[in-house]
Amino acid sequence: MNKKYTYVWVSLIVLIFGIIVVPRIVDTVSSGSIVENDRLNNSNATSSQKLAYILLDGKRRKVPSFEFINQDSVLVSDKDYLGKVYVVDFFFTRCPSICPVMTTNLVSVQNHFIGEKDFAIASFSITPDFDTPAVLRVYVEKYEVNNENWNLMTGDHDSIYQLANAGFNIFAAEMPDVPGGFEHSGLFALVDKDGYLRSRIDEFGNPIVYYRGAILEEKGANDQGETEEIGILKEDIKKLLEE
């Protein structure tokens, strides 16, 4: 073929490619689809890969020491949880808002792992002056808590708030102006058998750190569009039990 015509055909192909294909690539990049798909391909592990350790100053973060009285007036410490996979939350029995949802979700998790001796839950009251062992026992019966490894704990006020805010970085504070008089996070922390904080990673390769506990699993999402995370919490508990 004459070189002149060859150049014409090549130019025509390049022009067509530029008109049709390049804009689509630009649109995909600008919308984040290429990056997102690549991340998703690498992070299908969000549901299958080993859970991440939560780091603080480059070191694996471990549950701080604690020692409180449970609903049966038995002294319970962090050492009692070694060898168990467990979920941690902070609540109070008179909470008028998120606590009933959180406890309902934890009961669902409890029932999902019936008979699993290495699974446990640690719930700490942020109103320990009111939530005596007797009050906690009534709460246990109300919500049908039947896992012998689920301790609802009460004790020194300052120690509990130190554990929440500094130990787990799960916010809790006295706020007289809010319903119930206290404000706290509806997050759950997940702890492995060795006492380390663990979580799955998100689509960007970062640990999610905590699991949303204040959205009913059966509801699926809240009014702000945030999805429930009890389903994935159950998946991740199972992973840690199998490690």
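**Exercise 1. How many helices and how many strands does the chain have?**

Start with the ground rules: this is a predicted model, where local features need pLDDT of at least 70 and side-chain atom pairs count only at pLDDT 80 or more, while totals for chains, interfaces and linings use all residues. Residues are numbered from 1 along each chain as its sequence is written, and side-chain values use heavy atoms, with hydrogens and water left out.

Step 1: Go by DSSP runs, numbered from the N terminus: helices are H or I with at least four residues, strands are E with at least two.
Step 2: Tally them up, and you get six helices and 13 strands.

**Exercise 2. Find the residues that UniProt lists for "binding site", and decide whether C95 and C99 are buried or exposed.**

Step 1: The unreviewed UniProt entry lists C95, C99 and H184. Positions there follow the numbering used here, feature names are shortened, and annotations may be inferred rather than shown by experiment.
Step 2: C95 sits in the loop between strand 6 (85–91) and helix 3 (99–112), and C99 is in helix 3.
Step 3: Apply the cut-offs: buried is under 20% relative accessible area, exposed is over 50%, and partly exposed is in between (1.4 Å probe, protein chains only). C95 comes out at 7%, so it's buried. C99 has 1%, so it's buried too.

**Exercise 3. Describe how helix 3 packs against helix 6.**

Step 1: Get the geometry. Helix 6 covers residues 230–242, and its axis lies 11 Å from that of helix 3, at an angle of about 35°. Axes here are lines fitted to C-alpha atoms over the stretch in contact, and angles run from 0 to 180 degrees between N-to-C directions.
Step 2: List who touches whom, with contact meaning heavy atoms within 4.5 Å. Helix 3 brings N105, S108, V109 and H112, which meet I230, L233, K234 and I237 of helix 6.
Step 3: Sort by class: the contact has four nonpolar, three polar and one charged residues. For that sorting, Ala, Val, Leu, Ile, Met, Phe, Trp, Tyr, Cys and Pro are nonpolar, Asp, Glu, Lys and Arg are charged, and the others, Gly among them, are polar.

**Exercise 4. Count the aromatic pairs and classify Y53–Y196 and F91–Y139.**

Step 1: Set the rule. Rings of Phe, Tyr and Trp (its six-membered ring) pair if their centres lie within 6.5 Å; planes under 30 degrees apart are stacked, over 60 edge-to-face, and the rest tilted. By this rule the count is eleven.
Step 2: Y53 and Y196 have ring centres 5.8 Å apart and planes at 80°, so they're edge-to-face. Y53 is in strand 1 (residues 52–53) and Y196 in the loop between strand 11 (187–191) and strand 12 (197–199), so the pair ties together parts 143 residues apart in sequence. Y53 is partly exposed at 21%, and Y196 is partly exposed at 22%.
Step 3: F91 and Y139 are tilted, at 5.3 Å centre to centre and 35° between the planes. This pair links F91 in strand 6 with Y139 in helix 4 (residues 133–142), 48 residues apart. Both F91 and Y139 are buried.
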